[in-house]
Amino acid sequence: IQLSLDSLQSVQAFVAAYNALGQPLHFIVNNAAFQTVKYEFTADEFEKCWHINYLSPFYLTHKLLPVICESVRQNPQRFYGRIVNVTSKGHIHCEAIPYHHFQGTHELLQDSE
């Protein structure tokens, strides 16, 4: 199943396709590994790095959590649900986080000039 984390619509389509399979799900590993030096925005108008590394994985996990819970409920002696979030130490290079730039504003592009 194809998934593009820079699109909430793609996340929704992935979840629908996975649910249609009727397969159990016991764990999710979210790996925040996308990095760029350019300030870019996704089609959903979120800052690209934040969208790919945090927003979409959170949304994906939120939408698939009922599947994990049901999978564990079916066989609790054998399976335990797990959600693992992995990131890097890249944030140590950031002086300040401009939270007001994460959605719908392109001022960040002007601030960096």
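Trainee: What is the relative accessible area of Glu 70?
Mentor: Glu 70 has 36%, so it counts as partly exposed. The cut-offs are under 20% relative accessible area for buried, over 50% for exposed, and partly exposed in between, using a 1.4 Å probe and protein chains only. Keep in mind that this is a predicted model: local features need pLDDT of at least 70, side-chain atom pairs count only at pLDDT 80 or more, and totals for chains, interfaces and linings use all residues. Residues are numbered from 1 along each chain as its sequence is written, and side-chain values use heavy atoms, with hydrogens and water left out.

Trainee: Which residue forms a salt bridge with Glu 70?
Mentor: Arg 73, with the closest N and O atoms 3.0 Å apart. A salt bridge here is a side-chain nitrogen of Lys or Arg within 4 Å of a carboxyl oxygen of Asp or Glu. Arg 73 itself is exposed, at 58%.

Trainee: How many salt bridges does a search of the whole structure find?
Mentor: It finds 2. Glu 40 also forms one with Lys 38, where the closest N and O atoms are 3.9 Å apart. Glu 40 is partly exposed at 24%, while Lys 38 is exposed at 51%.

Trainee: Changing topic. Is His 26 buried or exposed?
Mentor: His 26 is buried, at 17% relative accessibility. It lies in the loop between helix H1 (8–21) and strand E1 (27–31).

Trainee: What does His 26 touch?
Mentor: Leaving out residues up to four places away in sequence, His 26 touches Ile 68, Ser 71, Phe 79, Tyr 80, Gly 81 and Arg 82. Contact means heavy atoms within 4.5 Å.

Trainee: And what is the bridge partner of Phe 27 in E2?
Mentor: Arg 82. E1 and E2 (residues 82–86) run parallel and are joined by 5 bridges; two strands pair if DSSP finds at least two bridges between them.

Trainee: Which E1 residues are on the covered face?
Mentor: Ile 28 and Asn 30, while Phe 27, Val 29 and Asn 31 form the uncovered face.

Trainee: What about the chain overall, how many helices and strands?
Mentor: The chain has 3 helices and 2 strands, in the order α-β-α-β-α along the sequence. Of its 113 residues, 30% are buried.

Notes
Helix = DSSP H or I, 4+ residues; strand = E, 2+ residues; numbered from the N terminus.
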